[in-house]
Amino acid sequence: GMCFMFYIVGRGITRPVSQISTRVKDLCSGNGDLTKRIGLTNKDELGQLSVTLDGFLDNLQTIMRQVA
C-alpha cells in the first residue's frame, strides 16, 4: 500500500527530472539538437521548467537561423 504510493510519487518526480537533465546535458556537450524539445505537460514546477527551457530553445534556434 504505502510503499507502492511512494514508488508512484517518486517516479512522477524522477522521470521528468531525468528528461530535463538529459536534454541539458546534450546541449552542454555541444551535440544537442536545437529542434528537440522536452515537451513535458505537467502542471507543476517541473512542467514549468520544461516549458521555459523549450521556450529558450525556440529563441536560440531562431537566433542560430538568423546567424547562419
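This is a predicted model: local features need pLDDT of at least 70, side-chain atom pairs count only at pLDDT 80 or more; totals for chains, interfaces and linings use all residues.
**View 1. Gln-61 in helix H2.** Gln-61 belongs to helix H2, which covers residues 45–67. Its relative accessibility is 14%, so Gln-61 counts as buried, the limit for that class being under 20%. Apart from neighbours within four places in sequence, the residues in contact with Gln-61 are Leu-34, Thr-35 and Arg-37.

**View 2. The side chains of Gln-61 and Arg-37.** A polar contact of 2.7 Å links the side chain of Gln-61 to that of Arg-37. Gln-61 lies in helix H2, while Arg-37 lies in the loop between helix H1 (2–28) and H2.

**View 3. Surroundings of Arg-37.** With a relative accessible area of 26%, Arg-37 is partly exposed; this class lies between the 20% limit for buried and the 50% limit for exposed. Once neighbours within four places in sequence are set aside, Arg-37 is in contact with Arg-23, Asp-54, Leu-57, Asp-58 and Gln-61.

**View 4. Further polar contacts of Arg-37.** The side chains of Arg-37 and Asp-58 are joined by a polar contact of 2.7 Å. The Arg-37 side chain also reaches a backbone atom, the oxygen of Leu-34, at 2.3 Å. Leu-34 is in turn one of the residues in contact with Gln-61.

**View 5. Arg-37 and Arg-23.** These two residues are 14 residues apart along the chain, and 8.1 Å separates their C-alpha atoms. Arg-23 is among the residues in contact with Arg-37.

Conventions. Residues are numbered from 1 along each chain as its sequence is written. Side-chain values use heavy atoms; hydrogens and water are left out. Helices (H or I, at least four residues) and strands (E, at least two) are DSSP runs, numbered from the N terminus. Buried means under 20% relative accessible area, exposed over 50%, partly exposed in between (1.4 Å probe, protein chains only). A polar contact is a pair of N or O atoms within 3.5 Å; within protein, one must be able to donate a hydrogen and the other to accept it, and residues adjacent in sequence count only if both atoms are side-chain atoms. Contact means heavy atoms within 4.5 Å.
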